[in-house]
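Biologist: I'd like to learn how to read a protein model one feature at a time. Could you walk me through this one?

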Amino acid sequence: MTTLSTKKVNSPQLTFYDMGADVVAFSTTREGGCSIGNYAAFNINNYCGDSPAHIAENRRLLSELLGISSQHIIMPHQTHGTTVARVDGPPAATLEATDALMTDCPGLCIGVSTADCIPILLYDAQHRAVCAIHAGWRGTVKRIVRQAVRSMCDAYGSDASQLRAVVGPGISLEGFEVGDEVYLQFAEAGFDMGCIARRYEKWHIDLPLCNSLQLQEEGVKDIQLSGICTYRQYDRYFSARRLGIQSGRIFTGVMLK
């Protein structure tokens, strides 16, 4: 995992993941770009209150860095569900109520937007297909990772045991304090609470571990953990718990070359 940028001062600085020679996988940081305040400085999410002009310029900067058109950066409107959409080209309209995207088309950068939720990337080198998943606690309880892995197997003939996965920046167990009602939803959904939860003054749940375990249950063996806690590192990665809902978002994307 490396952090790189171009030489331009306002160019986005990205955290790259090594998933293979034929794929580009990354998460944006707060550095680079032109957004201000709690959106500073790099945000391309249209749904968090940032200036449309700043979002458009940041998208342009990212597309320039990736060597693609801005229209080929594709991010859905997420609603904490389990819908997985197949993307075969730039969509004519916003992908509504969608929390995971998959494609086998080179040059399309699909991605998800997070600020404490867990982004997960999947890559099938054999069938040249990729997937980006948004797993907040609600999506984790609903097992969106399982849905995404199975969708790739159905759509592209993927073998789960051959998939490569990255669990990107998100809130850690220490930062993710929850009420009893959230704890109970995980317990009622059949999660091993002795493994994923710990009680301090209140319950804390390990979302990166929850999603890693879901990957393992589906047969995925090659799992790379970023180890980045957005709650602790909110100066470098956006955290809604630290900065509030009216703040920027991380974009975690993947693109076939």
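Biologist: Let me start with a strand: which residue stands opposite Phe251 in β15?

Modeller: Ser113 stands opposite Phe251. Before we go on, this is a predicted model, in which local features need pLDDT of at least 70 and side-chain atom pairs count only at pLDDT 80 or more, while totals for chains, interfaces and linings use all residues. Residues are numbered from 1 along each chain as its sequence is written, and side-chain values use heavy atoms, leaving out hydrogens and water.

Biologist: Thanks! How do I read strand pairing, and which strands pair with β15?

Modeller: Two strands pair if DSSP finds at least two bridges between them; strands are DSSP runs of E, at least two residues, and helices are runs of H or I, at least four residues, numbered from the N terminus. Here, β7 (residues 109–114) pairs with β15 over 6 bridges in the antiparallel sense. Strand β3 (residues 23–28) is also antiparallel to β15, with 5 bridges, and Ala25 of that pairing stands opposite Val254.

Biologist: Is β15 buried or exposed?

Modeller: Buried means under 20% relative accessible area, exposed over 50%, and partly exposed in between (1.4 Å probe, protein chains only). In β15 (residues 250–256), 7 of the 7 residues are buried, so the strand is largely enclosed by the rest of the structure. Ile250, Thr252, Val254 and Leu256 point one way, and Phe251, Gly253 and Met255 the other way.

Biologist: What about the nonpolar core: how many residues does the largest one have?

Modeller: A nonpolar core is a set of buried Ala, Val, Leu, Ile, Met, Phe, Trp, Tyr and Cys residues joined through side-chain atoms within 4.5 Å. The largest has 38 residues, and Ile120, Leu122, Phe186, Ile205 and Leu215 have the most contacts inside it. Helix α3 (residues 144–156) gives the largest share, 6 residues. A second, separate core of 20 residues includes Ala85, Leu101, Leu121 and Val166.
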